Amino acid sequence: MHRVALVARHVLTPSLFFRRQMSMEPGAAINRVRESGLLKTQGLIGGKWIDAYDGKTIEVQNPATGDIVTSVAYMGKKETTDAISSAYNTFNSWSKHTASERSKCLRKWYDLMISHKEELALLMTLEQGKPLKEALGEVAYGAGFIEFFAEEAKRIYGDIIPATLADRRLFVLKQPVGVVGAITPWNFPLAMITRKVGPALACGCTVVVKPSEYTPLTALAAAELSLQAGIPPGVLNVVVGNASDIGDTLLQSTKVRKITFTGSTAVGKKLLAGSANTVKRISLELGGNAPCIVFDDADLDVAVKGALAAKFRNSGQTCVCANRILVQEGIYEKFANAFAKAVQNLHVGNGLVEGIAQGPLINEAAVEKVEKFIKDATSKGANVILGGRRHSLGMTFYEPTVLGNVNDEMLVSREEVFGPVAPLLRFKTEEDAIHIANDTNAGLAAYIFTTSIPRSWRVTEALEYGLVGVNEGLISTEVAPFGGFKQSGLGREGSKYGIDEYLELKYVCLGNMKEAYTK
Ligand code: ADP
């Protein structure tokens, strides 16, 4: 998915105050967010902040400390029904705003996100665990979608088709699909929302967002900024709470015309099936199993840097993280040594502390999954080159790990590990690498490292993946299409292509025009 602080286009410079305070205690961080007015704990329906109707709440935990950051409303069917009605009732007026008016609102929202980048980043680190620098990178990346689609809003053109009969004129109008239900995950608490809401609002759609129950605070803070930006009440609604109740309500409603989802393949398949009954449009951005192929002719430094970035961003918790590092036999030993050395330098700890490169995993289940995959691999002949244990910090911290001699029968290369584990697989020929890379139901991101231009083209064309990084490990940007082949998803997000997901095409035939042309 998604870029970090290293990304060139949107590097944010923290304020002097913030730079001095780059290491912050969680208590000070939460106070800073509270003072800014961005610590929201209720859902947003029709422009009003609202508790769950039965008063239920759910705790948001800091994965680095186990402390409760705060509690938020735990909503369900009734609140979701009201949020849908609010979005439905607002659709008529919002879709009739001019593109320029919608664009200005989005631009203002972008400006507010950037001026509150530090509070948003602090919230993100508190609830998600990613290092503050990475969180700042995500704010830049996430806000970038709003900026991009603010501009794109003004460029939604239709078409005129040359008519087949002299007295007719044929047109194609592009119109917003209507109310959108957006369900998002915890690993990118801001960017996965803005990537959906940006194009939806640009087109004139209204939205009900359901953020992850692990990371609702960033979403709610962003929603507060949308109100401050003048986005009318009811255009953006946020419900937090029971995932299946909220999901089912969105699916069953005939008022909701589109579902857009980022998350696990299992939930994505449920939503795809659940959309059938009301024949909703659906976009899915699901799991990956990214191969990172290092050929003998690769530049070793470039390959190590690229693989490191592609594997360890967000502690390995992204769907474009390199899941399998395929290394050609001639460079295998050299690469394994240099890569392990680089991994050893990654500092693990609380993301609020300066210099930390690896935060905690999101929860205990995530650590247990990592442990299970490593046990499976070592029982089948893999060796631990580095790490392979829980970190001495406890909690959900795990040592950045490199496994050698992995083969394609091990769980770690069949499924997404979603943790800081880099499995190295040895291969002989280019054909072998392509075969191993494509031998999966996933098809989101792939990376190749080679200095041969012909090979880079050959392999890129053969890979069954929606995104390919050539000699680069960080490739996501709001200006390029993001999405997968095979079971990694449906549709594309970001870029000019991403806007089509929120538009209907209407063909208009203007007939009986003879008179108009003979007068
Ligand atoms: P992950 O394993 O990355 O948390 P999930 O697919 O479980 O991925 O979660 C992604 C999003 O989907 C979250 O907002 C989660 O609450 C939501 N979700 C989980 N189960 C359902 C469901 N049955 N219906 C709708 N949304 C769901």
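Q: Is the crossing of α5 and α8 left-handed or right-handed in this model?
A: In this predicted model, the crossing of α5 and α8 is right-handed. The axes of α5 and helix α8, which spans residues 216-228, come within 8 Å and cross at roughly 160°. Because angles over 145 degrees count as roughly antiparallel, α5 is roughly antiparallel to α8.

Q: Which residues of α5 and α8 meet in this contact?
A: From α5 come L120, L123, M124 and E127, and these meet P216, L217, T218, A221, A222 and L225 in α8. Sorted by class, the residues of the contact of α5 with α8 divide into eight nonpolar, one polar and one charged.

Q: At what angle do helix α2 and helix α5 pack?
A: Helix α2 (residues 26-35) and helix α5 (residues 117-128) pack at an angle of about 135°, and their axes are 9 Å apart. That angle makes α2 oblique to α5, and α2 passes α5 in a left-handed crossing. On the α2 side the contact involves P26, A29, I30, R32 and V33, which meet E118, E119, L122, L123 and L126 in α5. The contact of α2 with α5 has seven nonpolar, no polar and three charged residues.

Q: How do α11 and α12 cross, and what classes of residue make up their contact?
A: Helix α11 covers residues 300-312 and helix α12 covers residues 332-344; their axes come within 10 Å and cross at roughly 50°. The two helices are therefore oblique to each other, and α11 passes α12 in a right-handed crossing. In the contact, L300, A303, V304, A307, L308 and F312 of α11 meet K334, F335, A338, F339, A342 and V343 of α12. By class, this contact of α11 with α12 has eleven nonpolar, no polar and one charged residues.

Q: Turning to sheets, in what order do the seven strands of the open sheet lie?
A: As a general idea, the strands of a sheet pair through backbone hydrogen bonds, either parallel or antiparallel. In this structure, seven strands form an open sheet in the order β14-β15-β16-β13-β12-β17-β18, with mixed pairing. The edge strands are β14 (383-386) and β18 (467-470), each of which pairs on one side only. Neighbouring strands of this sheet are turned by 25° against each other on average, with direction ignored.

Q: In what sense do β12 and β13 pair, and which helices pack on the sheet?
A: Strand β12 (residues 290-294) and strand β13 (residues 322-328) pair in the parallel sense over five bridges, and the bridge partner of P291 in β13 is R324. Helix α12 packs on the sheet and touches β12, β13, β14, β15 (401-404) and β16 (421-427), with its direction at about 175° to that of β16. Helix α15 (residues 430-438) also packs on the sheet, where it touches β12, β13 and β16, and its direction makes about 165° with that of β13.

Q: Which strands stand at the edges of the sheet of three strands?
A: This open sheet has the order β5-β6-β20, with antiparallel pairing. Strands β5 (159-161) and β20 (503-510) stand at the edges, and each has a single partner strand, so one side of each is left without a neighbour in the sheet. From one strand to the next, the twist averages 25°. Strand β6 (residues 169-176) pairs with β20 in the antiparallel sense over eight bridges, and in β20 the bridge partner of V172 is Y507.

Q: How many residues lie between the strands in the hairpin of β3 and β4?
A: The hairpin has six residues between the strands, and in it G66 takes a positive phi near 80°. Strand β3 (residues 57-61) and strand β4 (residues 68-73) run antiparallel and are joined by five bridges; the bridge partner of T57 in β4 is A73.

Q: Where in the chain is confidence lowest, and where is it highest?
A: The chain averages a pLDDT of 95, and 95% of the residues score at least 70. Confidence is lowest in helix α1 (residues 16-20), at a mean of 52, and highest in strand β8 (residues 206-210), at 99. Over residues 1-11 the pLDDT is below 50, and this stretch has 47 contacts in the model beyond near neighbours in sequence.

Methods
Residues numbered from 1 in each chain as written. Predicted model: local features only at pLDDT ≥ 70, side-chain atom pairs only at ≥ 80, totals over all residues. Heavy atoms only, no water. Axes fitted to C-alpha atoms, helices over the stretch in contact; angles between N-to-C directions. Helix = DSSP H or I, 4+ residues; strand = E, 2+ residues; numbered from the N terminus. Parallel < 35°, antiparallel > 145°, perpendicular 65-115°, else oblique. Left-handed = near helix turned anticlockwise from the far one by under 90°. Contact = heavy atoms within 4.5 Å. Nonpolar A, V, L, I, M, F, W, Y, C, P; charged D, E, K, R; others polar. pLDDT = per-residue confidence, 0-100. Pairing = 2+ DSSP bridges.
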